[in-house]
Amino acid sequence: MPSSKKTKMRKASLATFCMVAIAAFASANDASGNGKRGEALETIDPSVEASRAYKQAMSTLATLTALPPTQSEEPSHHSSGYPLSSFLPSIQGQGPIASTLRILVKLKNHSWLPSIVTDFLGRELPSGRKREEELQGKAVKVVDLLQHAADLGNTDALYTLGHLALFPPNTYFPTDPMAAYQTLDTHAHLTGNASSQAILGFLHGTGYHDVVPVDQAKAQLYLTFAAHGGHKGAQMALGYRYWSGIGVAENCMAALQWYEDAAEQAMAKFLAGPPGGRTLPLLPPRLSDLVGGVYGPGASVASTGLNAGRAVIKTANARAAGETWEDLLEYYLFNADRGEIDFAYRLGKIFYQGSIYSTPGGIASGGDGASAIPRDFHHARHYFLRIARQVWPRDPANPRQPHVSTKEEGPAQVGYAALAAGYLGRMYLRGEGVKQDPVMAKMWFERGAEYNEKECHNGLGIIWRDGLVDGKKDLKKAMAHFAAAATQELAEAQVNIGKYHYERGDLKLATAYFETALRQGSPFEAYYYLADIQARQARAAMIPPEIAGSSCAIAVSFYKLVAERGAWEDNLLKEADDLWALGTERASEMAMLRWWIAAERGYEVAQNNLAYVLDQDKSILRFTRFAPYSPSNDTARLALTQWIRSAAQRNVDALVKVGDYYYHGLGVPDEPESVRWEKAAGYYQSAADTQMSALAMWNLGWMYENGIGVPQDFHLAKRHYDLAYETNSEAYLPVLLSLIKLHARSLWHTLMGGKNGLSFWEGDEDGRSYYDNPDARELDGAQDPNIGQPSLEDGEEFDEGPWYLGKAREEFNRRRRGHDQERATQDEEDPVQWARERRQAEADRDGDFGPEDYFDAAMRGQRYREEEDVDEFAETMLLVVLCLMVSILLYVRGRWVERLRREEEQRRQANGQPPQQPQPQGVFPPPGDPAQEDWAILR
């Protein structure tokens with residue numbers, strides 16, 4: 001037994017020892033493993049981790065910025081995988097059904113609703129909330145990863161973090177200008193990045209959101225560093241500051257240097273595009289022009305006179321008439337698809353340029369931004385090809401073979417086909433909607449040039465000048481084609497000829513061609529080369545100072561136009577317009593920020609838009625207890641600053657607006673009213689001196705009539721009233737009423753012993769207007785100086801352009817076969833008005849009961865009768881007013897008669913007389929009279 005006990009004890013001791021040894025060995029392994037993992041963690045490179053976090057953040061950010069604008073601004077709620085979701089519309093959709101669903105959401109707890117509806121709504125809402133929470137979580141993830149990467153030393157993440165804080169792409173990211181300033185300031189100090197310095201210069205120059213106090217010296221410093229770093233926006237801002245004297249003394253030569261640097265960047269970007277240059281951005285519109293001008297249609301310079309024909313004003317008129325681009329395109333598509341060639345051509349042109357309205361100067365001049373639509377090269381090519389195939393039904397097997405003339409065997413009506421060939425050749429030359437193929441482009445250009453189409457001649461000139469087909473260059477052929485296009489007033493051809501003489505050193509002849517191109521609508525290249533020529537003259541040593549100063553001013557103005565139009569990478573105006581169109585408060589704030597940045601860079605459109613949005617002078621109830629808001633002097637001060645800057649860039653309506661601000665004391669320093677009114681009169685006088693603003697002339701007439709800001713002078717008041725009418729005939733009624741009041745006031749002034757009043761017997765020769773004596777010329781026996789002189793029609797047979805041998809025969813042939821082409825180019829500048837006239841012509845031709853469809857014709861006739869009824873709106877309203885006045889008079893008379901009757905009864909009661917019995921009135925017998933039976937109809 002003792003031996004067995006000892007054996008058991010030895011076994012237990014051995015087992016215990018083994019367990020302790022195993023535990024010790026395991027702990028040692030754990031310790032060594034932890035040490036190895038620690039060593040592994042210590043070997044991770046922070047730069048690699050920062051790069052990984054930055055890439056992941058940018059990948060997540062790309063998914064958030066790819067959301068549609070409506071979804072990113074107002075997060076939508078997507079339905080879950082519920083089976084009904086594929087059949088029922090989304091709650092956040094558009095249309096009456098979606099609106100009905102949103103109303104049913106408020107009623108989903110009611111027991112009387114069907115269970116299928118409550119089940120769908122119950123599943124739709126949680127999934128939408130889940131989707132929104134998911135997107136917000138992604139935004140938090142982006143910011144966190146960027147912050148982590150920035151902490152590890154990634155400067156790109158630091159810049160992106162600051163940019164997101166100042167320009168959040170959607171509502172999932174918060175706006176924090178202070179954080180943006182601190183982040184970008186750190187980034188600029190670490191890297192010297194020009195983009196960060198440019199934003200810091202803007203913040204110091206404007207004091208945006210009170211992030212930092214306004215400090216023009218620091219703004220100038222940051223912008224200078226950024227401009228030397230090659231930032232185009234900073235170069236434009238510095239050029240504008242030196243040009244306008246903002247924070248620095250005015251210096252034309254310094255402004256010329258900075259604007260020249262910015263324009264060279266824009267020109268380099270333009271030439272880096274396809275043959276013929278990069279497509280120009282659409283012209284940005286002013287917000288005020290979209291409503292007829294700052295003072296509305298008819299009263300604003302922007303919508304009167306020659307300005308009434310601008311594309312943006314036509315767009316404003318179309319919007320005011322209730323027309324939409326969708327309806328217009330639908331009408332064009334309907335007619336084009338049923339074989340109308342003119343509709344097909346205009347439709348292809350609209351799809352190609354991405355705008356309803358084009359700008360003068362040819363295809364290369366671009367379009368108007370107010371009537372923008374998505375560009376669609378596929379549809380444009382479809383309609384152009386449909387037109388061209390009527391003349392050229394098939395392409396040759398080898399496009400390189402010499403072009404065979406089809407003029408003799410082809411149809412006579414080729415106008416639209418030649419124009420379509422110009423567009424098709426341009427699309428192949430530039431690779432727009434098709435694979436770039438200069439050989440195919442040359443084939444289409446030769447087809448159109450056979451019928452003397454100017455765009456085709458210009459395209460062939462580019463091909464031969466640059467040797468785009470097989471490397472074969474022929475400058476002689478190129479210049480011949482350019483000359484053929486230039487004689488038809490194509491601006492781009494004039495530029496190409498001017499560039500040829502410019503490169504040869506013949507600046508005088510080059511200047512003549514460039515100036516001709518400007519008159520014909522060239523929006524870009526001609527300005528650049530003319531600015532370069534003027535800059536050379538301004539820097540020449542032997543030029544007198546006055547000539548050098550004039551050349552410098554012209555060069556700065558032209559370089560400024562080039563730099564502003566060539567905004568392909570940083571198009572702030574386009575971004576602002578897109579954000580403003582969303583209509584949300586957040587989007588409007590972001591749009592105003594971009595306009596403000598662009599305004600600091602000298603964009604007049606941005607200055608006008610920012611001032612118009614901040615305008616404190618819109619309400620006629622200002623300074624009354626009925627005013628919708630009380631004017632803010634800080635906001636008015638900023639608006640006035642932008643109005644002044646816009647006015648300095650030849651915006652006449654802005655100049656009148658500055659006068660209004662001084663007259664009403666908005667945003668101006670505290671000073672006596674007489675001083676403010678005197679300054680207001682000065683601004684009105686400056687606007688009136690342009691001979692364009694009838695409103696400024698009327699304001700001056702009123703001030704002279706009342707002696708406010710200027711000495712009282714009835715004669716000058718009448719003269720300015722007359723000038724207002726002569727400038728704008730739409731001012732007839734206010735001017736007539738003002739003249740009646742002026743003459744009455746002058747008569748009273750004379751009767752009270754005053755002097756220098758107006759005379760009723762002798763006309764005021766200086767102030768007499770057209771409506772005072774419209775037949776004065778005929779009564780005086782004077783003759784029209786144009787009588788007996790040859791009219792334009794008498795001399796339109798031959799033009800006054802450069803003449804060459806064979807031109808007479810060429811002109812004769814062109815007139816003989818080109819009448820259809822002239823019709824093709826008529827009225828192309830206004831597709832909306834052209835469509836209206838076509839609809840009216842169809843209605844007039846078919847009548848109310850046309851041969852095609854009686855019901856449709858009747859409805860169409862009814863539509864135009866309704867449009868004619870609109871013209872009688874004034875007469876209808878006059879009749880309504882007269883009826884209301886008659887009704888009011890009858891009501892007042894009845895009350896007055898009733899009051900007299902009560903007073904008579906009270907008098908009789910006071911005298912003890914019995915009340916007067918009512919007398920029978922009218923021809924109908926009173927109640928109770930036996931004669932009433934004779935009037936009964938039903939017995």
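**Figure 1. R52 and E49 sit three residues apart in helix α2 (residues 46–65), so about one helical turn separates them.** Helices here are DSSP runs of H or I with at least four residues, strands are runs of E with at least two, and both are numbered from the N terminus. An α-helix has 3.6 residues a turn, so residues three or four places apart point the same way. R52 and E49 form a salt bridge, with their closest N and O atoms 2.7 Å apart. A salt bridge is a side-chain nitrogen of Lys or Arg within 4 Å of a carboxyl oxygen of Asp or Glu. R52 is partly exposed, at a relative accessible area of 42%. E49 is also partly exposed, at 22%. Buried means under 20% relative accessible area, exposed means over 50%, and partly exposed lies in between (1.4 Å probe, protein chains only). The model is predicted: local features need pLDDT of at least 70, side-chain atom pairs count only at pLDDT 80 or more, and totals for chains, interfaces and linings use all residues. Residues are numbered from 1 along each chain as its sequence is written, and side-chain values use heavy atoms, leaving out hydrogens and water.

**Figure 2. The protein chain has 38 helices and zero strands.** Of its 939 residues, 42% count as buried. The accessible surface comes to about 52,300 Å². Carbon and sulfur atoms hold 56% of that surface. Accessible areas come from the Shrake-Rupley method with a 1.4 Å probe; for residues, only the protein chains shown count as cover. Among contacts between residues at least 6 apart in sequence, 62% join residues at least 24 apart. Contact means heavy atoms within 4.5 Å. The structure holds 31 salt bridges.

**Figure 3. R310 and D289 meet through their side chains in a salt bridge.** The N to O distance is 3.2 Å. The pair links distant parts of the chain, 21 residues apart. Both R310 and D289 lie in the loop between α11 (252–271) and α12 (311–320). D289 is buried, at 2% relative accessibility. R310 is partly exposed, at 25%.

**Figure 4. D466 and R465 pair through their side chains.** Their salt bridge spans 3.0 Å, N to O. D466 is partly exposed at 31% relative accessibility. R465 is partly exposed too, with a relative accessible area of 24%. Elsewhere, salt bridges that share partners join R286, D289, R310 and E604 into one network.

**Figure 5. K499 is a buried lysine in helix α20 (residues 491–503).** Its relative accessibility is 12%. Leaving aside neighbours within four places in sequence, K499 is in contact with R465, F514, E525 and Y529.

Figure 6. The buried residues are A380, Y383, F384, L385, I387 and A388. Helix α15 has twelve residues and reaches 16 Å from its first C-alpha to its last, close to the expected 16 Å. The expected span is 1.5 Å times one less than the number of residues. D376 caps the N-terminal end of α15. A side-chain oxygen of D376 lies 3.2 Å from the backbone nitrogen of H378.

**Figure 7. Helix α27 (residues 633–647) has 15 residues and a span that agrees with expectation.** At 1.5 Å a residue it should span 21 Å, and its end C-alpha atoms are 20 Å apart. Buried residues in α27 are A636, A639, L640, Q642, W643, R645, S646 and A647. Their cover includes α10 (232–244), α25 (585–600), α26 (604–614) and α28 (652–664).

**Figure 8. A744 lies in helix α32 (residues 732–751).** A744 is partly exposed, with a relative accessible area of 47%. L758 is 14 residues from A744 in sequence. In space, the two are 9.6 Å apart, C-alpha to C-alpha.

**Figure 9. L878, L879, V881, L882 and M885 form a nonpolar patch on the surface.** Together they have about 470 Å² of accessible area. Patches are made of residues with over 30% relative accessible area and no salt bridge; like charges are joined within 9 Å, and nonpolar side chains (Val, Leu, Ile, Met, Phe, Trp, Tyr) within 5 Å. M885 belongs to helix α38 (residues 873–911). At 46% relative accessibility, M885 is partly exposed.

Note on methods
A polar contact is a pair of N or O atoms within 3.5 Å; within protein, one must be able to donate a hydrogen and the other to accept it, and residues adjacent in sequence count only if both atoms are side-chain atoms.
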